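Please look over the sequence and the structure shown below, and then read the briefing that follows, which is grouped by topic.

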Amino acid sequence: MATNKEQIDLPDNEEELEDVHDSLAEKVMECFRQAKSYRSSLLVQGKTVEDWIRRLEDAYHKIHDPEELASRPNMRSYFGLVQIKTNAVGSYMRSKYANPANPPFNISPTPIVELPENKREQGLEKVKGQLLSKLIESGIPSEAIMGEDGFLLPEVARFIEEQSKQAKELLRQEELQIATDATAKMVKLIKDQLVESHFAQTLSETLFDIALYPVMVVGYENEAVVDYQWNKNKFEKVTVIRPTFRRINPVNAFFAPDSTNAQDGSFFIELTKRTKAQLSSFIGKEELGYDDDVLKEVIDNGDTHWLGLDADDKGVLDYLLVDDEIHTLRCQMMIQGEELMDYGVKLKDSECRDFFNVDIEVCDNRVIRCQIVAHPKGERTYFSASYKRIAGEPYGVSVGMMIYDRQQSINRTQYSMLLNALYSAGPMLEIDADKFNDPSKITFEPYTRIFSNPTRENNGRGITQHSIQLTFPQLFTFMTNEIRLADDECGLPSFLNGNAGLQGAGQTLGGLAMMTDNAVLGLEDCAFNIDEYFIRPAITLMYAHNLLGDDDSVKADAEIIPTGLLGLKTELNKAKELAGLVPQASELAQQGLVPQQMIKDMVRDYFESAGIDTDRYMPSNGVQSDLNNAQMASQTSGLDGRSLRMM
C-alpha cells in the first residue's frame, strides 16, 4: 500500500481516542449480531444452520438428540451412519488432495505472455541475434548488405522485411519460454511455502468439515511464530512472522446475510479466543498491526465475558473459556480510508475517500488491531466451500445433512429391534396372587412344578404364560433398506468406505466401474467447489505476494490452475481402463499367456483407484475368485454388507 510522510496523528486526548476505537468496535459488534441472527434463522432442509451444527456434531459422536431420548427411554445403541459416511468422504478426498509433496495446483503462462521490461529486452536481444545469424548464414558479404549511400540494398531490405514478419512469432516463443521457466520456479517456491504454512494439515482437517458441516472455512494470516535460527555461530530463539493456513471451526464462522462465500458480502467475522500471554506477545509487533496501548489495557483489565455469550450453547461456541483466555472478534470488511487514518493506518491524503478491505480485531469492546488486509489484490484472506452449494448462500448441504433423517430412522428401528429381542427372548408370566400363599417366591424354571393354593376356588389357572410376537426379522429387513436408501440419498455406496460386500452390478468389474463413476459424480462436485472457492483464490494470494517480492526469476504473467478435480477424474479414468483390461488379462492368464501375479497387481490397482483399502482385502487367485469371496462375505454377514464397517 502506498504511504506518505504526511500522516494524520492519533488524537492526544484519551477520551477522544477511546471514542474513535469504540466507534469501529461497535460497528463490528453490530455486524456480529446480524450474522448470528442470520445463521440462527436461515433454513436449510427444514432446519436452521445453528441447529444443523449442533445436531451434526452430536450425530458424529453418536449422541442422541434430547427429543429422541424423551420418547424412547433408555435408548443407548447408535448406528453411526453419519460417522461412517463422513469418514469415507474425508478419507477419499484426503487421498486426492492432501499430498504435501504434490499440492493440487499448477501454474501455466497465459497464451499472450506479459513479462517485466527487463525480460522483454532479453527476449528481443535473442531475436536480434538470431536474425543476424541468419544474415551471416545466407552467404551475403558485408559489402553487399549496405550500399554506398549507407542504406540497405533493395534485396536485403526485402529479406529483412520477410524475417521481421517471423520475428514477432519468434519473440513470442522466446517470451513464452522465459515465462515457462519463471512459472516452474514459482510453482517450486509456492510448494515450499505451502509446507511451511501448514497447508496439507489444514486441508486435511477441513475435508472433514466439508463432509459433515454446512460449510468449511480456512483462514490465511501472518502468524508470530517462535523459531530457532543460526546467528553466526549461535542457535538463537527468535520470533518470526510466518504466513499460515489454519482451519476455522464452522461453529465460529459468521457470514454476512448478503454473502455467498467468505470472499464476498459485506463482511466476514470469526469468533476466536486469545490468551493474555498471546496478546502480550503481540506488543511491539508493529508489522502485525496491533495497538500496544489497547493491548496493555485489555491484558490488565479485560472482561473475559464481554460478549455475553452462553458458553453452554453448542450452536455458538465450540469450547469453553479457561483461565487467562478472552474472546475476540476478527472481522474483514470494507472501511473508508478517512476512518482508517484515525487508527494510524498509513495512507496518502488522496486515498482518504477510497474504501479498503480491512482486517479488524475487537476485544473487550475495543479495537486491538486495525490494518489493511495483507492481500496484494485487496481481497479477503478467508476462504469457504461446501459439499453441495446452494445458489446465493454461503451455507450448503453436507453428506451428514443428506442422511441425517435416515440416521434417526435407523436408530429408532434398531431400538425397536433390541426391545423386541429382549421381550421375545423368554415367556412373560401372569400370576394370580390369590392362588398362592407367597407369590413372590414363584419362579419359572425347567423341570419344576408349581401348585396353586387348594383352599381357594379353582376357577382359573394360577399362572398364565404370554408369548411376545417376534418382529426382529421384519425390523431387520426394514433397517437394511433404510441403509440402502441412505446410500442412494448421499450417492456414496458402501464400497467407498472399505466394504467388500457387493451385489448386483458390483459382481462384475465393469458394473463396479459404473457404480464408482456414479458415486464419484457427487465427489466431483465437491472437488470443484474446493478448487474454485479455496485452492484457486488461496494459491492466487501466495502467487501475488511472490510477484511483489525481490526475486525476479519467478515473475511472469500466468494463471492458477487448481488440479484437485482433474486428479479425481484422472483416477476415475484409470479405474475405467483397468475395469476393461482386467477381464481380458484374466482370459489370457487362463491360456498361460499372462502370469497370475500380474492379474493380482492389476486387481489391487483397480480397487485402490476406487478408494478401497486393499490391505484389508487382499487379492486372491483371480478376478472371479475375488468377486466370489466378496459375494460370500455379503451373504454371510446378515446385512448385505452395505455401510456396516467403520473406516
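Helix α2 covers residues 49-60, and its 12 residues should span 16 Å at 1.5 Å a residue, which agrees with the 16 Å between its end C-alpha atoms; the expected span is 1.5 Å times one less than the number of residues. Helices (H or I, at least four residues) and strands (E, at least two) are DSSP runs, numbered from the N terminus. This is a predicted model, in which local features need pLDDT of at least 70 and side-chain atom pairs count only at pLDDT 80 or more, while totals for chains, interfaces and linings use all residues. Residues are numbered from 1 along each chain as its sequence is written, and side-chain values use heavy atoms, with hydrogens and water left out.

**Helix α2**

- Of the 12 residues in α2, 9 are buried, where buried means under 20% relative accessible area with a 1.4 Å probe and protein chains only.
- Among these buried residues of α2 are Trp-52, Ile-53, Arg-55, Leu-56 and Ala-59.
- Just after α2, Lys-62 takes a positive phi of about 60 degrees.

**The largest cavity**

- The structure holds 2 cavities of 30 Å³ or more, a cavity being a set of points on a 1 Å grid over the protein atoms alone where a 1.4 Å probe fits but cannot get out.
- The largest cavity has about 70 Å³ of space, and a volume here is the space filled by probe spheres set on grid points that are joined across faces, edges and corners.
- Its lining, made of residues with an atom within 4 Å of a point, includes Arg-55, Ala-59, Tyr-404, Gln-408 and Asn-411.
- Both α2 and α13 (404-423) supply at least two residues of this lining, and the largest share, 3 residues, comes from α13.

**The open sheet**

- Five strands form an open sheet in the order β6-β7-β8-β9-β10, with antiparallel pairing, and two strands pair if DSSP finds at least two bridges between them.
- Because β6 (253-255) and β10 (366-372) stand at the edges with a single partner strand each, one side of each is left without a neighbour in the sheet.
- β6 pairs with β7 (residues 267-275) over 3 bridges in the antiparallel sense, and Phe-255 stands opposite Phe-268 in β7.
- β9 (residues 355-363) and β10 run antiparallel and are joined by 6 bridges, with Cys-363 opposite Arg-366 in β10.
- The hairpin of β9 and β10 has 2 residues between the strands, and Asp-364 takes a positive phi near 55 degrees there.
- β10 is mostly covered, since 6 of its 7 residues are buried.

Definitions and conventions. Buried means under 20% relative accessible area, exposed over 50%, partly exposed in between (1.4 Å probe, protein chains only). On a 1 Å grid over the protein atoms alone, a cavity is a set of points where a 1.4 Å probe fits but cannot get out, and a pocket is an open set with protein on both sides within 12 Å along at least five of seven lines; lining residues have an atom within 4 Å of a point.
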